[in-house]
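Please open the structure below in a viewer and keep the selection panel at hand.

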Amino acid sequence: MRRERGFEKHAIWILLAWGLNLLGMAALLIILTAYGTRQPAQAAVGPFAEAQGTPRPTSSPAPTLYYLPTTTLNPRSTQVVVFTPTPFSLPNGKRPGILGFSVLGRPLEVYAFGQGSKQRMIVAGIHGGYEWNTIALADQLILYLNDHPEIIPDDVRLYILRNLNPDGDARSHDEYGRTNAHGVDLNRNFPLHWAATWDRRGCFDLTLTTSGAYPASEPETRLLMNFLQANAVEALISYHSAALGIFPGGEPWDEASQKLARAIANVTTYPYPPIETGCVYTGTLADYAVSLGAAAVEIELSNHVDTDLDQNLKVLEVLLNWQRR
């Protein structure tokens, strides 16, 4: 009798455990289904992923959450990126124009100053968080121009694209923040002199980067190209860091770009001609801008931290008053 009661007792426990297991599996299925419906669709993240569309920020003022896959370019990065659609605005409420959106849906913000027909442009943040101080400099220049609109000549209109690579900037402020969300170095993705691979000697080689699956494969690149094609920008500065100096666009260097580089070198301590490391630069923004008729230079700040604001206020004056002839 005792053995029969023991068997009955064990059978009851087995039935209870089986029932709880079924309930647990059902609850897990409900949770996974609900999470899948809430998670926004987005492009794959990875050094060799191809573009699969660009999600747009929601119209709600609340932050939008983008959930990244477990494989990211930076193994130390968080799995949740919190993005507020308007991270930078001027005290007087002046809002930027939006060129479009990055791979992960962040806006590419452009501030415009002046109403003239001679167009100038400053581009910062092409290497994202690795060169975050160029974005900080752009913000300082935007605030300065907002407070001192009188420095803009009547015949000039200046555009400042404060951050071409917001996804890299959000990822991290170190070497892992250099590329966009597809692992692409945007300054090697422009179609002029584009190359699938390059000799890494003398070039950046701290992390894996690519030039993209094909020329202009990235939405950030295409958006800036479209803007330059639609606007007759006569002179362009692309800010970088650090320390190598001033690089004119063109292969070989464009004459007008060399003139702009010399004018900037005369009011700064940035080296010109630039320091050569043996790196061959392919698919750059400056070269592409030159192909559209602009004088274009890349300026490298003195380090990866400082904005060199005093020097770059002088650079700003040169850019605003520069004449091709």
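The stops below cover a hairpin, a pocket and the nonpolar cores of this predicted model.

Begin by selecting residues 97-101, strand S3, together with residues 107-113, strand S4. The two strands pair in the antiparallel sense over three bridges. Within this pairing, Phe101 stands opposite Pro107 in S4. Five residues separate S3 from S4 in the hairpin. Select Gly105 in the turn, where phi is positive, about 90°.

**The largest pocket.** Next, select His127, Arg178, Phe204, Tyr281 and Glu300, which lie nearest the centre of the largest pocket. Its lining comprises 26 residues, and the space within amounts to about 390 Å³.

**The nonpolar cores.** Now select Ile122, Ile160, Ile237, Ile264 and Ile299, the residues that touch the most other members of the largest nonpolar core, a set of 34 residues. Elements giving two or more residues to this core include S4, S7 and S9, along with helix H2 (132-147), strand S6 (156-161), helix H5 (255-265) and helix H7 (309-321). Centre the view on Ile122: beyond residues up to four places away in sequence, Ile122 touches Leu141, Leu158, Ile237, Tyr239 and Leu316, among others.

For the last stop, select Leu224, Met225, Phe227 and Tyr288, which are among the 25 residues of a second, separate core. In soluble globular proteins, nonpolar side chains tend to be buried together.

Terms used
Residues numbered from 1 in each chain as written. Predicted model: local features only at pLDDT ≥ 70, side-chain atom pairs only at ≥ 80, totals over all residues. Heavy atoms only, no water. Pairing = 2+ DSSP bridges. Helix = DSSP H or I, 4+ residues; strand = E, 2+ residues; numbered from the N terminus. 1 Å grid on protein atoms, 1.4 Å probe; cavity = no way out; pocket = protein on both sides within 12 Å on 5 of 7 lines; lining within 4 Å. Points joined across faces, edges and corners; volume = space filled by probe spheres on them. Core = buried A, V, L, I, M, F, W, Y, C linked by side-chain atoms within 4.5 Å. Buried < 20%, exposed > 50% of the residue type's maximum accessible area, 1.4 Å probe, protein only. Contact = heavy atoms within 4.5 Å.
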